[in-house]
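Hi,

Here is the structure I promised to pass on to you. Please have a look at it first, and then read on for what I found in it.

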Amino acid sequence: MTTQGQQYFIRTYGCQMNEHDTERIASLLQADGMSEAASMDDADVVVLNTCCIRENADNKLYGQLGNLKQRKIDNPNLQIAVAGCLAQKDRDEIQARAGHVDVVFGTHNVHRAAELLELARTQGPITEILEATARDDALAFPSALPVRRESDHAAWVTIQIGCDNNCAFCIVPAVRGPEVSRPFDQLVGEVRDLAGEGISEVTLLGQNVNSYGRDLAINARRAGEDVRLRPMFAELLRTIGDINGIRRIRYTSPHPKDMGPDVAEAMAETAAVCEHLHMPLQSGSDRVLSLMHRGYNAERYLRVIEQARATIPDLAVTTDIIVGFPGETEADFEQTMRCVEEIGYASSFSFKYSIRPGTPGASMPRQVPEDVKSERLKRLQDLLYTQQMAFNKSLIGRTLDVLVENGGRDDGQLFGRSPYLQGTHFDGDESLVGQIVPVLITGAGRNSLTGELA
């Protein structure tokens with residue numbers, strides 16, 4: 001059965017790593033003769049690229065698979081694939097709960113997407129999950145793997161996969177495996193190629209980006225080379241910042257325990273790096289941070305932020321916070337609130353703790369009742385939203401460089417992103433799409449800015 005003329009649709013759940021994997025899957029399907037469908041209802045192949053960080057990710061997947069069941073009955077030729085972290089974690093459970101799924105593949109064999117769909121057409125349902133220990137650099141970072149980008153001027157660049165931390169709430173190390181850093185020269189070469197293609201903004205991706213290169217140094221020393229055991233992230237920022245054509249660099253996410261002054265100094269000295277630091281707090285209570293296995297306390301976190309702000313002018317700090325981790329008391333939660341008040345965030349992601357089977361947190365005693373978690377989350381978000389609004393209003397009257405992404409909602413309007421990642425609306429000609437232009441900020445909402453070309 002040929003795939004020529006068939007259409008695919010990919011729904012992505014979760015983080016930027018999943019977004020980047022989706023770009024790779026899309027490109028593989030297009031190379032196999034397919035085109036992108038306008039909607040899921042129009043597709044001959046549906047791929048659900050999943051996340052498993054929180055419980056509602058499971059619910060979204062199985063709810064979507066339930067919706068697709070009747071379509072599969074009506075059209076037996078429809079192919080359904082489940083990819084990503086939840087596929088890596090649940091393995092055979094997905095097809096056991098949803099027998100109409102044709103292909104299940106994990107985070108380490110994205111490069112096999114088109115092949116597995118082809119095999120399933122003749123052999124029936126397939127589950128193929130590679131273990132992290134079975135992968136090698138060629139599979140982890142297949143330099144020949146094509147990418148179909150949503151943007152002509154911005155690109156994700158994976159610098160590292162996996163994670164060596166063992167946070168008690170997180171399933172990522174189990175599904176993504178241990179940290180593997182991409183070779184420095186290969187990575188810089190890719191960014192140089194991207195710049196040659198007209199890409200002006202890159203976002204460096206990793207589960208713990210500021211430990212980038214630590215494994216490379218360890219492996220080099222084991223091979224007998226005389227190297228210093230150190231991360232290379234600050235060096236990477238400077239090197240990429242020197243590439244002609246790269247005008248904006250973002251990265252996510254660093255870890256407070258690995259954040260040293262060298263990274264802040266590199267940010268301050270490299271004009272292309274945005275003045276935006278996303279630094280997960282998770283909790284402001286030392287006791288809860290210890291239960292979470294985070295490797296730092298609140299004082300260490302506050303010191304990291306203080307040093308970064310002293311080094312980087314106009315720095316915006318954003319964060320992640322979990323409410324209701326097992327054993328969290330009202331006093332612990334109040335410590336988180338005090339920490340947030342002291343720091344003052346530009347924006348944030350905050351969540352109720354959800355049990356993830358296979359993590360240490362799942363079996364911890366003193367699970368916090370759901371109603372308590374909900375009440376605490378509301379109080380926290382009220383504070384965080386107030387801070388976010390205050391930060392956005394502080395930008396009124398300033399001129400910010402905005403990367404124009406597309407036309408806005410109204411005729412003659414453009415939409416772009418500020419250095420701090422807020423969506424920004426202003427009037428202008430669509431010939432400016434892809435350019436970085438100065439915009440005088442004239443108005444601010446909680447989630448976006450408005451302005452005019454300066």
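Leu277 stands opposite Val317 in β13. That pair belongs to a region where β12 and β13 (residues 316-323) run in the parallel sense, joined over three bridges. Please keep in mind that this is a predicted model.

The two strands are part of an open sheet of three strands, ordered β12-β13-β14 and paired in parallel. Its edges are β12 (276-278) and β14, each of which pairs on one side only. From one strand to the next, the twist averages 10°.

Next, a pair of helices. α13 (residues 298-311) packs with α14 (residues 330-343) at an angle of about 5°, and their axes are 11 Å apart. Because angles under 35 degrees count as roughly parallel, α13 is described as roughly parallel to α14. On the α13 side, the contact is made by Tyr301, Leu302, Ile305 and Arg309, while α14 brings in Cys339, Glu342 and Ile343. Sorted by type, the residues of this contact are five nonpolar, no polar and two charged.

If you follow the chain onward from there, you come to Gly344, in the loop between α14 and β14 (347-352). Is Gly344 buried, partly exposed or exposed? With a relative accessible area of 27%, Gly344 is partly exposed, because buried would require under 20% and exposed over 50%. Not counting residues up to four places away in sequence, Gly344 touches Arg309 and Gln387. Arg309 is also one of the α13 residues in the helix contact above. The C-alpha atoms of Gly344 and Thr386 are separated by 9.5 Å, with the two residues 42 apart along the chain.

You will find Asn109 in the loop between β5 (103-105) and α5 (113-123). Its relative accessible area is 0%, so Asn109 is buried. A polar atom of the Asn109 side chain lies 2.9 Å from the backbone oxygen of Glu128. Leaving aside neighbours within four places in sequence, Asn109 is in contact with Glu128 as well as Leu116, Ile129 and Leu130.

Last, helix α9 (residues 214-222). Which of its residues are buried? Asp215, Ala217 and Ala220 are, and the buried residues of α9 pack against β9 (180-181). Just after the helix, Gly224 takes a positive phi of about 95°.

Happy to go through any of this with you.

Best wishes

Terms used: Residues numbered from 1 in each chain as written. Predicted model: local features only at pLDDT ≥ 70, side-chain atom pairs only at ≥ 80, totals over all residues. Heavy atoms only, no water. Buried < 20%, exposed > 50% of the residue type's maximum accessible area, 1.4 Å probe, protein only. Helix = DSSP H or I, 4+ residues; strand = E, 2+ residues; numbered from the N terminus. Contact = heavy atoms within 4.5 Å. Polar contact = N/O pair within 3.5 Å; in protein donor to acceptor, adjacent residues only side chain to side chain. Axes fitted to C-alpha atoms, helices over the stretch in contact; angles between N-to-C directions. Parallel < 35°, antiparallel > 145°, perpendicular 65-115°, else oblique. Nonpolar A, V, L, I, M, F, W, Y, C, P; charged D, E, K, R; others polar. Pairing = 2+ DSSP bridges.
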